[in-house]
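Here is a protein to look at, with some questions about the words used to describe it. Each answer sets a value against its definition.

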Amino acid sequence: MAGADFKAYGTIETYDAYWAVRGVPAAWAAAAPEQKAVAGLEASEYLDLVYGHLFPGRRLRPVTEQAREFPRDYPYPVEVDPVTGVPPALCHATAYLAARYVEGDRFLEDVDPGIGGGGGALTGETLRVGSVSIAQTFSEDAPASANNVRFYPRVEQMLESAGLFGDIGRMERG
């Protein structure tokens, strides 16, 4: 997506402010700014991929110009930041997930399908922001599960209570 903007929902400062009134997790306090930035991007990606289809309204710009699900055109009033068009609840959910990411959670685990069977879950990963570097290792003896998506009830409650699930209501999983 040539002109699309892949920014996170919120900034390191907004994440720090979220945690300042709740008690800062040790891993978040110890994380370098680059780690926090990557965590915010990963959390934003997770929110878009898992909950994007539930968000009310539609994107303001085409996907080629707006990579994230927000800002949106809403069919009913939703509290949003007047500058970014992003609901504060979405920034709070991003802050919560970013801290979980820094603690080691991987929201949408990558799996190696394994040629001829035998693929496994992701066991190691290296990410760098400066001079971009990605390395992944997969286990050979731990088969990947059919559902490698993690769900966070607290995040769902944050989004639902802010009216971000539209008319659909709480997401159901089978």
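Q: Why are helix 1 and helix 4 called roughly perpendicular to each other?
A: In this predicted model, the axes of helix 1 and helix 4 cross at roughly 85° and come within 9 Å. Axes are lines fitted to C-alpha atoms, for helices over the stretch in contact, and angles run from 0 to 180 degrees between N-to-C directions. Angles under 35 degrees count as roughly parallel, over 145 as roughly antiparallel, 65 to 115 as roughly perpendicular and the rest as oblique. Helix 1 and helix 4 are therefore roughly perpendicular.

Q: What makes the contact between helix 1 and helix 4?
A: Tyr15, Tyr18 and Trp19 in helix 1 meet Cys91, His92, Thr94, Ala95, Tyr96 and Ala99 in helix 4. Contact means heavy atoms within 4.5 Å. By class, this contact of helix 1 with helix 4 has 7 nonpolar, 2 polar and no charged residues. Ala, Val, Leu, Ile, Met, Phe, Trp, Tyr, Cys and Pro count as nonpolar, Asp, Glu, Lys and Arg as charged, and the others, Gly among them, as polar.

Q: How are the helices and strands of the protein defined, and how many are there?
A: Helices (H or I, at least four residues) and strands (E, at least two) are DSSP runs, numbered from the N terminus. The protein has 5 helices and 4 strands. Along the sequence they follow the pattern α-α-α-β-β-α-β-β-α.

Q: What is the basis for the numbering and the values?
A: Residues are numbered from 1 along each chain as its sequence is written, and side-chain values use heavy atoms, with hydrogens and water left out. The model is predicted, so local features need pLDDT of at least 70, side-chain atom pairs count only at pLDDT 80 or more, and totals for chains, interfaces and linings use all residues.

Q: What makes helix 1 roughly perpendicular to helix 3?
A: The axes of helix 1 and helix 3 come within 10 Å and cross at roughly 90°. That angle makes helix 1 roughly perpendicular to helix 3. Ile12, Tyr15 and Asp16 of helix 1 make the contact with Pro33, Lys36, Ala37 and Gly40 of helix 3. The classes here are 4 nonpolar, 1 polar and 2 charged residues.

Q: Why is lysine 36 called buried?
A: Buried means under 20% relative accessible area, exposed over 50%, partly exposed in between (1.4 Å probe, protein chains only). Lysine 36 has 9% relative accessibility, so this residue counts as buried. Lysine 36 is found in helix 3. Leaving aside neighbours within four places in sequence, lysine 36 is in contact with Ile12, Asp16, Trp28 and Ala31.

Q: Why does glutamate 45 count as partly exposed?
A: Glutamate 45 has 31% relative accessibility, so this residue counts as partly exposed. Glutamate 45 lies in helix 3 (residues 33–51).

Q: What makes alanine 27 partly exposed?
A: The value for alanine 27 is 29% relative accessibility, so alanine 27 counts as partly exposed. Its place is in helix 2 (residues 26–30). Not counting residues up to four places away in sequence, alanine 27 touches Val102 and Glu103.

Q: How do you know that the buried residues of helix 1 line one face?
A: Tyr15, Tyr18 and Trp19 are buried in helix 1. Seen down the helix axis, the buried residues of helix 1 fall within an arc of 90°, so they line one face. The arc is that of the directions from the helix axis to the C-beta atoms. On the other side of helix 1, Glu13 and Ala20 are exposed. The cover over the buried residues of helix 1 includes helix 2, helix 3, helix 4 and helix 5.

Q: Why are the buried residues of helix 5 said to line one face?
A: In helix 5 (residues 153–161), Val155, Glu156, Met158 and Leu159 are buried. They fall within an arc of 160° seen down the axis of helix 5, so they line one face of the helix. The face turned away from the buried side of helix 5 carries the exposed residues Pro153 and Ser161. The buried residues of helix 5 pack against helix 1 (12–20), helix 3 and helix 4 (88–102).
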